[in-house]
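Biologist: I would like to learn how to read a structure of this kind, one feature at a time. Please give the general idea, then the case at hand.

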Amino acid sequence: MISKKMKVLVENSSTIRAMFEEGKRLAKIHGEENVFDFSLGNPNVEPPETIKSSINKILNTEHPNLVHGYMNNSGYEAVRTKIADFINHKHNLDVTQNNIVMTCGAAGGLNIILKTLINPGDEVIVFAPFFGEYRNYVSNYDGELVIVPPDIETFEPNIEVLKEKITAKTKAVIINTPNNPTGVVYSEKAIKELAKTLLEKEEEFGTSIYLISDEPYREIVYDGIEVPYILKYYKNTFICYSYSKSLSLPGERIGYIVTNSKMDDFESVMSALNVANRILGFVNAPSLFQRVVADCIDAEVDVEIYKRNRDLLYNHLIELGFTCIKPEGAFYLFPRTPIENDIEFCQEAKKYNLLLVPGSGFGCPGHVRLAYCISYEKIKKSLAAFEKLAKATISK
Ligand SMILES: Cc1ncc(COP(=O)(O)O)c(C=O)c1O
């Protein structure tokens, strides 16, 4: 018999599974080429060519024990040093390998941070809309998720509501910028206000409030927009970085955490991250891919491919009369649903072979998420289906 907690989680994840099954069912009836699956955040852009040559180079030149062996639970020192140097160069900082823990992607990073920080009943604040897995990650450590409702005009964090939500039990705040599902990049003004508020509240309650910045989309930005580097604004910061999207390597499970040395209890936090990596069963981030990302430190995917997709789909939706914020990063669009119920809207979309994700899962009903990390041709082909959906749901 599975645990009570898992029973609930399995039931809750059935909607995603149902969507997957529905996609397969529709493909059988209408042909794969006529089903438009905008439901998954799986990058369609190829990893940079240098990844492949780096893998070959490492496998052909290094001793197998060095490539495949265990190492410190935080990762190879040489890899962490290379990443620290890269961050310092790019953001004018002075972190070292001691500020870095290599992780199994951002998901692994978030889990070891929460394992490190959370006592049962501690509160973790998130801003809606948010990546739905945060609910599960916080519940893994018996924390309480506290949701700041969305500002649906800007999708920037609502600092006034945040002030009301922070209590003596607030242990952490999670932000995600560029954001999944809105594509919004939080402005420097918002980050400064956020940092100021957290500092004031730490003083008011005599506590440490940690800011966890979940950044798998940092590199996927358009039109030259700058993403503020949170470590510079607030000392109790963890950045969760991942190469899943920035190098299109989601299956390889590779990323890192970087922290500010001035963080409260820095030494014990870093030791705890290290131990959490081990005892949660990650042990360490994949050894080969630690070496690969260090070797390809300057590599980038071709973000123009996503930008072209964004422009095509965004312009079309706006022409059809949808209301949608223009994303500055990531690869998602988050329009309002013309009918109130986002789940019903997604059902309606299926009639035209469009697979979309209801905003409710992101704590933001009345919206829908479209992941445009699919081929340009497929998006082009889907435009007629969106037109039909608009006709059926937007009142004239
Ligand atoms: C906001 C956000 N955080 C974390 C993750 C997990 O990413 P990773 O593959 O790096 O674990 C995702 C994946 O889609 C995401 O969208």
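Modeller: We will go through the domains, a helix, the core and the ligand shell. Note that this is a predicted model.

Biologist: Into which domains is the protein chain divided?

Modeller: The chain falls into domain 1 (4–47 + 301–393) and domain 2 (49–295). Their centres, taken over C-alpha atoms, are separated by 27 Å. The contact involves 28 residues of domain 1 and 29 residues of domain 2.

Biologist: Which element gives the largest share of the side of domain 1 that touches domain 2?

Modeller: That is α13, with four residues. Both α13 (303–320) and β9 (332–333) supply at least two residues each to this side of domain 1. By class, the side of domain 1 that touches domain 2 has 16 nonpolar, seven polar and five charged residues.

Biologist: How do I read a helix, and what span should helix α6 have?

Modeller: An α-helix has 3.6 residues a turn, so residues three or four places apart point the same way. For length, helix α6 (residues 105–117) has 13 residues, which at 1.5 Å a residue should span 18 Å. The end C-alpha atoms of α6 are 19 Å apart, which agrees.

Biologist: Is α6 largely enclosed or exposed?

Modeller: Of its 13 residues, 12 are buried, so α6 is largely enclosed by the rest of the structure. Among the buried residues of α6 are Gly108, Gly109, Leu110, Ile113 and Leu117.

Biologist: What is the general idea behind a nonpolar core, and which residues touch the most other members here?

Modeller: In soluble globular proteins, nonpolar side chains tend to be buried together. The largest nonpolar core in this model has 105 residues, and Ile257 and Tyr372 touch the most other members. Helix α6 gives the most to this core, seven residues. Domain 1 (4–47 + 301–393) and domain 2 (49–295) each contribute at least three residues to this core.

Biologist: With which residues is Ile257 in contact, leaving aside neighbours within four places in sequence?

Modeller: The contacts of Ile257 include Gly109 and Ile113, both of which are buried residues of α6. Ile257 is also in contact with Ile100, Val101, Thr103, Phe238, Ile239, Cys240 and Leu273.

Biologist: Which residues come nearest to the ligand?

Modeller: There are 13 residues around the ligand, of which Gly105, Ala106, Ala107, Ser242 and Ser244 come nearest. The largest share of this shell, three residues, comes from α6. Sorted by class, the shell has five nonpolar, seven polar and one charged residues.

Key: Residues are numbered from 1 along each chain as its sequence is written. This is a predicted model: local features need pLDDT of at least 70, side-chain atom pairs count only at pLDDT 80 or more; totals for chains, interfaces and linings use all residues. The expected span of a helix is 1.5 Å times one less than its number of residues. A residue is buried if 20 or more other C-beta atoms lie within 10 Å of its own, exposed if 12 or fewer, and partly exposed in between; C-beta atoms are placed from the backbone. A residue is near a molecule or strand if its C-beta atom, placed from the backbone, lies within 6 Å of it. Ala, Val, Leu, Ile, Met, Phe, Trp, Tyr, Cys and Pro count as nonpolar, Asp, Glu, Lys and Arg as charged, and the others, Gly among them, as polar. A nonpolar core is a set of buried Ala, Val, Leu, Ile, Met, Phe, Trp, Tyr and Cys residues joined through C-beta atoms within 7 Å. Domain bounds come from an automatic or database domain assignment. Two residues are in contact if their C-beta atoms, placed from the backbone, lie within 7 Å.
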